[in-house]
Amino acid sequence: MDQPAAPRINPSILAADFVNMQAELARIASADFAHVDVMDNHFVPNLTFGPQMVERIQATSPIPLDVHLMITDPDRWAPGYAELGAASVTFHLEAAADPVALARRLRGIGARAGIAIKPGTAGESLYDVLDEFDQILVMTVEPGFGGQGFLAETMPKLRGLADEARRRGSDVWLQVDGGISNSTIEQAAAAGADTFVAGSAVYGADDVEAAVARLRALARAASLES
C-alpha cells in the first residue's frame with residue numbers, strides 16, 4: 001500500500017500583519033505555500049487583495065503562492081493571477097461559468113488549477129471532472145471571513161471526494177480551509193485532506209515555525225491511522 005504524501009501546510013496571510021507583509025511572509029518560510037485569499041466584496045461580503053498586491057506578495061514570498069479567488073466572474077479574472085506567477089489558482093464552482101475550460105486555461109498558463117466548493121455545495125458535483133483539477137478545496141467555513149469555527153458536518157463530503165479520487169486513481173490534492181487548528185486538523189486529515197489552510201493557528205502562535213511543524217505532524221499521524 002502506498003504511503004500518503006506528506007501533508008502540506010499553507011498558512012493564510014489573511015491572519016498576518018498587512019503592514020509588515022514581507023516580514024510576515026518570511027515567518028512562514030518552512031510552510032509549503034502561502035495561501036492568499038482574494039475577496040471582491042461581491043461573491044463574499046469582504047474585500048482583501050487584488051492583482052497589484054498579489055504581484056508584490058509573489059515578488060517577496062519565499063514560498064509559492066496558493067491563491068484562493070472568492071470573486072465573481074473568475075472566468076475573466078483568474079488567468080491574470082496565473083500570469084502573475086501564482087503556483088496555484090483556485091476559483092469557486094459556484095461562481096464559474098465554465099469551470100473545466102477555466103481550469104484548462106490556468107494549466108495552460110502554468111499554474112495548478114484548483115476548484116473550491118462552499119459548505120452547502122455537494123461534493124458529487126465534482127466527481128466526473130476530478131481529473132480536470134489539480135486541487136479541490138472543501139470549505140470548512142462559509143467563505144468570506146477568517147476566524148470562523150470549523151464545520152465538522154463538511155467531513156462526509158470530504159471523505160466522499162477522497163474515496164472517489166482513490167477509486168478513479170486521481171492524484172488531485174484535497175484541501176481544507178476554515179477553522180483548521182491543532183484540535184481540528186486530525187479530523188480533516190482522517191477524512192482524506194492532504195493540504196491544509198491555517199490562519200490564526202499559525203500566525204497567532206508565539207513560534208510560527210513550530211506551529212507549522214506541529215500541524216504537519218498531527219495531520220501526518222491522522223492520515224496514517226485512517
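1. Which residues does Pro64 touch, not counting those up to four places away in sequence? In this predicted model, the residues concerned are Asp32, Phe33, Ala34 and Ala87. Pro64 itself is found in the loop that runs between helix 2 (51-60) and strand 3 (65-70), and the C-alpha atoms of Pro64 and Ala31, which are 33 residues apart along the chain, are separated by 9.6 Å.

2. Pro64 is to be described as partly exposed, because its relative accessible area of 38% falls between the 20% limit for buried and the 50% limit for exposed residues.

3. In helix 4 (residues 99-109), the buried residues are Pro99, Val100, Leu102, Ala103 and Leu106. Seen down the axis of helix 4, these buried residues fall within an arc of 160°, so they line one face of the helix. They pack against helix 3 (74-83), strand 4 (88-92) and strand 5 (112-117), whereas the face turned away from the buried side carries the exposed residues Arg104 and Gly108. Helix 4 is followed by Gly110, whose phi is positive, near 120°.

4. The largest nonpolar core has 63 residues, and those with the most contacts inside it are Ile13 and Phe196. Helix 8 (residues 208-225) supplies the largest share of this core, with 6 residues. Apart from it lies another core, of 5 residues, among them Met39, Phe43, Met70 and Ala95.

5. Leaving aside neighbours within four places in sequence, Phe196 is in contact with residues including Pro7, Ile9, Val176, Ile180 and Ala219.

Note on methods. Residues are numbered from 1 along each chain as its sequence is written. This is a predicted model: local features need pLDDT of at least 70, side-chain atom pairs count only at pLDDT 80 or more; totals for chains, interfaces and linings use all residues. Side-chain values use heavy atoms; hydrogens and water are left out. Buried means under 20% relative accessible area, exposed over 50%, partly exposed in between (1.4 Å probe, protein chains only). Helices (H or I, at least four residues) and strands (E, at least two) are DSSP runs, numbered from the N terminus. The arc is that of the directions from the helix axis to the C-beta atoms. Contact means heavy atoms within 4.5 Å. A nonpolar core is a set of buried Ala, Val, Leu, Ile, Met, Phe, Trp, Tyr and Cys residues joined through side-chain atoms within 4.5 Å.
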